[in-house]
8 protein chains.
Amino acid sequence: MEAKVSIIMGSTSDLSVMEEAAKVLNDLQIPFELNALSAHRTPEEVEKFAKSASERGLKVIIAGAGMAAHLPGVIASMTNIPVIGVPINATLEGWDSLLSIVQMPPGIPVATVGINGARNAGILAAQMLALSDKELQAKLNKFKESLKEKVKKANKELEDIKFDYKV
Amino acid sequence: MEAKVSIIMGSTSDLSVMEEAAKVLNDLQIPFELNALSAHRTPEEVEKFAKSASERGLKVIIAGAGMAAHLPGVIASMTNIPVIGVPINATLEGWDSLLSIVQMPPGIPVATVGINGARNAGILAAQMLALSDKELQAKLNKFKESLKEKVKKANKELEDIKFDYKV
Amino acid sequence: MEAKVSIIMGSTSDLSVMEEAAKVLNDLQIPFELNALSAHRTPEEVEKFAKSASERGLKVIIAGAGMAAHLPGVIASMTNIPVIGVPINATLEGWDSLLSIVQMPPGIPVATVGINGARNAGILAAQMLALSDKELQAKLNKFKESLKEKVKKANKELEDIKFDYKV
Amino acid sequence: MEAKVSIIMGSTSDLSVMEEAAKVLNDLQIPFELNALSAHRTPEEVEKFAKSASERGLKVIIAGAGMAAHLPGVIASMTNIPVIGVPINATLEGWDSLLSIVQMPPGIPVATVGINGARNAGILAAQMLALSDKELQAKLNKFKESLKEKVKKANKELEDIKFDYKV
Amino acid sequence: MEAKVSIIMGSTSDLSVMEEAAKVLNDLQIPFELNALSAHRTPEEVEKFAKSASERGLKVIIAGAGMAAHLPGVIASMTNIPVIGVPINATLEGWDSLLSIVQMPPGIPVATVGINGARNAGILAAQMLALSDKELQAKLNKFKESLKEKVKKANKELEDIKFDYKV
Amino acid sequence: MEAKVSIIMGSTSDLSVMEEAAKVLNDLQIPFELNALSAHRTPEEVEKFAKSASERGLKVIIAGAGMAAHLPGVIASMTNIPVIGVPINATLEGWDSLLSIVQMPPGIPVATVGINGARNAGILAAQMLALSDKELQAKLNKFKESLKEKVKKANKELEDIKFDYKV
Amino acid sequence: MEAKVSIIMGSTSDLSVMEEAAKVLNDLQIPFELNALSAHRTPEEVEKFAKSASERGLKVIIAGAGMAAHLPGVIASMTNIPVIGVPINATLEGWDSLLSIVQMPPGIPVATVGINGARNAGILAAQMLALSDKELQAKLNKFKESLKEKVKKANKELEDIKFDYKV
Amino acid sequence: MEAKVSIIMGSTSDLSVMEEAAKVLNDLQIPFELNALSAHRTPEEVEKFAKSASERGLKVIIAGAGMAAHLPGVIASMTNIPVIGVPINATLEGWDSLLSIVQMPPGIPVATVGINGARNAGILAAQMLALSDKELQAKLNKFKESLKEKVKKANKELEDIKFDYKV
């Protein structure tokens, strides 16, 4: 099936972070692809990728990068498909990649999620696709319910804790 | 015409920042509404707003907030419509609002743009809507071309500058 | 016995930090409860909790959260019981949670303690309760004395250290 | 009438920030006093003040300070009355005073509000006093309602805005 | 005469900062050109520029940019001519542009100068050119001497200051 | 009279900050000199200055610098006279100069005061000189008393403030 | 022999950092004492210590503290003996303690060294004492020479390194 | 063969970072030398080194330093050979060394690379040398191609990943 979301990263070392996006899309049965691209090392490939994205049927691009993270912004400058940026903590706790991605100049937005927040990037992509897909919308609603269940389960566990320190 | 995008903010003092989103949507002829809501001052209104958003036909929500900026995240927790967060520089140059918006925990994404980046929020909303609207996609492509024109014009101006300082 | 303090957190993974508050309250024989609530995952539960807090006899709420930490502020917006916020270091050394909790806009205060400072949150809750509880005040005074003892003991240990490096 | 809250600051230059606390207390008809004290310039006065606070009938202390802001913490070390700290932005946008106040070591809490957040300090003090004062609790509830009115009024104003930029 | 250095920037609004580089080159009689290019708005132009730079006889590129500043890094990825990056303070005091430029990943260096440090960028470009230009080296040595003269003159001025405050 | 303290700075533009040190020394009748020296522009002069400092009878050196502030550390590396460093806020609110001065590697201390804290630098120099000068010690004690007087005066002023806002 | 330098810290857990100061003083045969004092836990002891310091023959005080580090500043407010502050990295990489110590308000200086820089604190204390002690001055000069020896030795080691990677 | 690049560092403990520069130069067959020099510990050696650099045939200097990192700037003040600065992460994640190196005042540039970015420093030095060395330019172009190969290989690996989590 044709990919609707493309998850791109600079190297396989980013995979441990970025696969969280893949997992979410997989769970929601949204077809996606994984690509290795680097704003600095394969600029021509990036351009080819970005310019053909719409024609190829891609709807959303998720791009992760660390350090001076230019990949999400560079792709966003070459397409009008929404680009979701994932700052990866490679150095400086991720401050550098966060600012390199979120502080885009007027005209070229990147939808930025938190540092190492690939899971949220996957959910955000699904939310965008669900704007014209009722079935997916229903899945997302169910997913949101499941988050509550976790908290309820936690509450159960907390009830059983005893604090008999020294009384 | 029914609003597709809702632009919300905590008070009219945020309007000077947030109206940039309104201007973009207006230029692209995307119907939108402006609302004053505060995560802290009108929590019930926020809940009512967020839960009826989808039924009311809203497709994207743009929420701006400053300081400990909870509005975008709180709304995102109550709907599956994509929420775009605009950190507003009210204190600490906007560091506080940026982190309060972008660093959302797993499960509840907020698509964050730069500090005071309401213009980019408007464009990002348009990109999401254009996923199922070819006409809008064409407008965005034209808009992207216009950005290049500005740079070309700048280039013209730079050509005429002379530097006859002391030779 | 009816709880006077409620300690709330987003998940059981925060327990290792937040139990320091529970220990202090337990030591001071102040009845408390532990709850799992999340501003983003169980907003309705949070609302129900906050609005019934006063009626249920709660006097102080201690809320811990990490990342874009909205829980303390959201609860504070729904009750007039004092809310003590504990920023939890989950990412960025806690800078994000600190700013998300302490920088509340005018009208909705959160009494913020240091990053991972749950122990201080427990003491602060006790100080508030002691305003109308002489016995508790006496316990706190005794507790303060015990802090001095620790320093005196440290002083003893330091006296015995020898520095015969190379003379 | 005997003061229940003491608002202290290092110099009259802090008054423009700290008077917001005084205004709130005045509006809520809570008796208070204003004092100039400095952790560094009048340590003996600080000690005398802190140690007699409880006997004098004070219930809450609000202390504002800028730069390496030691006043709130030093007072908190000498009394068991709750101390609310207000970081004042004198240098470094207030980063220095925020950290000097909020990051108290275990055992000596300071209830910290946002930078220049004296208004919130006043409200927090009122919330503490209201724990044993039903009338004050009612006033605070009314105050909370008034915050909503402001947002509603803002909403009215936003409805009237037109964006006829270029269509 | 053929330009040896190209000074590029995203818009004419950066000119007030970047012209300091132009002035230095002009003073040292090094032929240069000024260009408006944007990593995000004219990516094709950037590519064309970078790939033909060497053939056109350019020896050094000075690129200034603010916010999420991708221009210097993107150009550096497309040429082996040294690229000097000038972080421009447009937002966040320049923290965002500094990190977006200096923290380049391994393989693609950008020679970064200080925030708004275009003057130093011009001098650095001259130092690179002087590696194979003795005459220019002599000019730079003379320039370095002139810096000392300024300090000597300052010293003269300081000698005349009197401090007769209250003795 | 022979100078005991040397106040050095990189240019006369730093004088408005550094003259606060001069004023304190003048008030305490400690002989001092003012010098313009720059770690980067007159390295030989700096060396000559530092190495002859002790012989010339100097007891303390106060060095102010902004940006990448190397002057205090470089001087400290060339003499065993105590060097007091004053970070000057020229860029980045002074974060750069603070870290460039205070974070000296092991073996070469610089006694750092706060950003733009030249007045404290002057007092600190006086405290060092007073270690072997009883008369100066007495003056400093008197100076410390005068700080208290200011706070007492402030207290007087605060007593007269009325808050009749709306009761 | 009577101590000339007092090294104080809040608890024995700071000893691993602060003993570097003790080692330096020991090596230079400067009599010193170690004390446990806490600005927050033993304020009366701190006062007693600070006020008697001069009479007891102390010449310099070295105070280390972490988090909201008030100890050095509080002592400096009670004596005119020079106080050297050592920010200890307990939380936030030491940013909190650095700012809490170095950013002292006008009138009360603390001579701050780098984070965990106790060794430099010891050397700085020795430099102050050497102002009236020629023998100590000679020892410090010798110590400075020994720093150079280390670098020369390092240079030797570097000479022997071979880089035969793949040629 | 005579060294064209000198790699200098403060101690052998910096070697693990700085040897990345050496490796690149070695791979590109550019003659280089390794030196231990410290701005603070061997100022005379630094001066001798910097002033003879040009005569000795050095074309580029790469200087690495941590903490308050003065070495690159101090050398740059004494020569007109381009100086590349490598901030080393010794404390504060490298924030201190980055700012101490990159924020040089006008007149004395240091070409700064990222924190621990010695590999990029080596490449940048090669780019400068290649300005007058066609053979080296060819090697660099080949090197740039090899970066692309890595990304292509990564892409291959990503193609084989399966995500069969729970469908």
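A: One term before the counts: a polar contact is a pair of N or O atoms within 3.5 Å, where within protein one must be able to donate a hydrogen and the other to accept it, and residues adjacent in sequence count only if both atoms are side-chain atoms. This is a predicted model, so local features need pLDDT of at least 70, side-chain atom pairs count only at pLDDT 80 or more, and totals for chains, interfaces and linings use all residues. Residues are numbered from 1 along each chain as its sequence is written, chains are lettered from A in the order in which they are written, and side-chain values use heavy atoms, with hydrogens and water left out.

Q: OK, how many residue pairs are in polar contact across the interface of chain A and chain B?
A: 23 residue pairs, both residues at pLDDT 80 or more.

Q: And salt bridges there, how many?
A: 0 between chain A and chain B, taking a salt bridge as a side-chain nitrogen of Lys or Arg within 4 Å of a carboxyl oxygen of Asp or Glu.

Q: Which elements of chain A does that side use?
A: Those giving two or more residues are α4 (95-102), β5 (111-112), α5 (118-130) and α6 (134-159) of chain A. Helices (H or I, at least four residues) and strands (E, at least two) are DSSP runs, numbered from the N terminus.

Q: How much area do chain A and chain B bury?
A: About 3300 Å² between them, 59% of it on carbon and sulfur atoms. Buried area is the accessible area (1.4 Å probe) that two parts lose on being put together, summed over both. In chain A, the residues losing the most area to chain B are A:Asn80, A:Pro109 and A:Leu131, together 22% of what that side buries.

Q: What superposes chain A on chain B?
A: A rotation of 180° with 0.0 Å of shift along its axis, RMSD 0.0 Å. That is the relation of a two-fold axis.

Q: Switching to chain H. How many residues are in its contact with chain A?
A: 16 residues from chain H and 22 residues from chain A, with contact meaning heavy atoms within 4.5 Å. Chain A and chain H bury about 1800 Å², 69% of it on carbon and sulfur atoms.

Q: Which side chains meet in a salt bridge?
A: H:Lys148 and A:Glu44, at 3.3 Å, N to O. The count between chain A and chain H is 1.

Definitions and conventions. Least-squares fit on C-alpha atoms with pLDDT ≥ 70 in both.
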